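Please read the following report with the sequence and the coordinates open beside it.

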Amino acid sequence: MDRYDRHRPLFGEEAFERLRRCRILVAGAGGLGSTVLQLLARGGFHDIYIYDDANIDLPDLNRQLLYDTRHLGRSKLEVACEVLRDINPDATLHGVPERITASTILPDVDIVVDALDTFEARSVLDDLCHGRRIPWIHGGVSDFFGQVTTFVPGVTQRFRELFGSMPSLEAAGGVHTIYPPVVTAVASVMASEAFMLAGGNTGNLLTGRLLTIDLRVNAFECIELAPPR
């Protein structure tokens with residue numbers, strides 16, 4: 001038996017080998033990142049880069065599924081790498097204890113996953129990926145609501161074009177409330193986008209489309225987006 005036997009046939013050998021060779025970066029190891037990282041490691045991604053510089057706090061535990069009370073106060077990056085190695089020792093994890101900034105030099109990766117938590121940070125990631133022509137998967141959550149889309153430089157609008165300038169909740173002194181199931185739902189779709197993109201199933205990606213999820217009313221909608229200007 002192979003650890004990938006339950007899903008490898010869904011890809012086919014050629015597509016699954018492409019996935020195995022894919023180098024992927026996850027920006028953030030918090031709520032979205034916790035589920036995305038687990039699914040990538042369990043699913044067969046070999047080279048996974050993780051960027052995060054935060055520690056684990058008690059309110060994180062309602063949705064950050066890599067961590068428990070034993071890990072409070074520790075580095076998310078350190079604990080994430082420990083847990084993911086236990087999940088799949090075959091995965092090669094490259095932990096970077098930094099947050100993404102305008103001066104970040106991205107490693108040589110094929111896909112970037114946005115598991116960040118502010119529009120400002122995502123705008124920076126947009127610039128970095130656009131400059132390197134790296135496709136990236138965006139996911140965001142707030143309250144009961146979530147959204148996912150995949151940006152491909154030259155093919156789709158940029159993040160900045162689509163969302164413009166959004167106010168910072170933290171700057172306004174607000175509390176960022178999160179319904180735990182919507183985090184897992186959005187992260188699962190993001191991981192699925194990564195699987196399809198890495199395996200070459202690009203025809204079914206959320207490129208040029210924005211999937212929105214509202215679990216308060218169990219509403220799912222896919223919105224067609226305008227092409228790049």
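The sections below describe a predicted model.

## Packing of helix 3 on helix 7

Helix 3, which spans residues 31–43, packs against helix 7, residues 180–199, at an angle of about 40°, and the two axes are 8 Å apart. Because an angle counts as roughly parallel under 35 degrees and as roughly perpendicular from 65 to 115, helix 3 and helix 7 are oblique to each other. The crossing of this pair, helix 3 with helix 7, is right-handed.

On the side of helix 3, the contact is formed by Gly31, Leu32, Thr35, Val36, Leu39, Leu40 and Gly43. These residues meet Val183, Thr184, Val186, Ala187, Ser188, Met190, Ala191, Ala194 and Phe195 in helix 7. Divided by class, the residues of the contact between helix 3 and helix 7 comprise 11 nonpolar and five polar ones, with no charged residue.

## Packing of helix 2 on helix 7

Helix 2, residues 13–21, also packs with helix 7, here at an angle of about 110° and with the axes 7 Å apart. Since angles of 65 to 115 degrees count as roughly perpendicular, helix 2 is placed in that class relative to helix 7. Ala15, Arg18 and Leu19 of helix 2 make this contact with Phe195, Ala198 and Gly199 of helix 7. The contact of helix 2 with helix 7 has four nonpolar residues, one polar residue and one charged residue.

## The nonpolar cores

The largest nonpolar core has 49 residues, and Phe45 and Ile48 are those with the most contacts inside it. Helix 7 gives the most to this core, contributing 11 residues.

When neighbours within four places in sequence are left aside, Phe45 is in contact with Leu19, Arg20, Cys22, Ile24, Leu40, Ala91, Ala194, Phe195 and Ala198. Among these partners, Leu19 belongs to the helix 2 side of the contact with helix 7, while Leu40 belongs to the helix 3 side of the other contact described above.

## Ala91 in its loop

Ala91 lies in the loop between helix 4 (76–87) and strand 3 (92–96). Ala91 has a relative accessibility of 9% and therefore counts as buried. Not counting residues up to four places away in sequence, Ala91 touches Phe45 and His46. Ala91 and Ala41 are 50 residues apart in sequence, but their C-alpha atoms are 6.3 Å apart in space.

Asp126 is found in helix 5, residues 119–132, and it counts as buried because its relative accessibility is 2%. Asp126 and His138 are 12 residues apart in sequence, with a C-alpha to C-alpha distance of 9.6 Å.

## Positive phi angles in two loops

Arg133, although not a glycine, has a positive phi of about 60°, and its place is in the loop between helix 5 and strand 5 (136–142). Asp143 is not a glycine either and has a positive phi of about 55°. Asp143 is found in the loop between strand 5 and strand 6 (145–151), where, with a relative accessible area of 39%, it is partly exposed.

How values were computed:
Residues numbered from 1 in each chain as written. Predicted model: local features only at pLDDT ≥ 70, side-chain atom pairs only at ≥ 80, totals over all residues. Heavy atoms only, no water. Axes fitted to C-alpha atoms, helices over the stretch in contact; angles between N-to-C directions. Helix = DSSP H or I, 4+ residues; strand = E, 2+ residues; numbered from the N terminus. Parallel < 35°, antiparallel > 145°, perpendicular 65-115°, else oblique. Left-handed = near helix turned anticlockwise from the far one by under 90°. Contact = heavy atoms within 4.5 Å. Nonpolar A, V, L, I, M, F, W, Y, C, P; charged D, E, K, R; others polar. Core = buried A, V, L, I, M, F, W, Y, C linked by side-chain atoms within 4.5 Å. Buried < 20%, exposed > 50% of the residue type's maximum accessible area, 1.4 Å probe, protein only.
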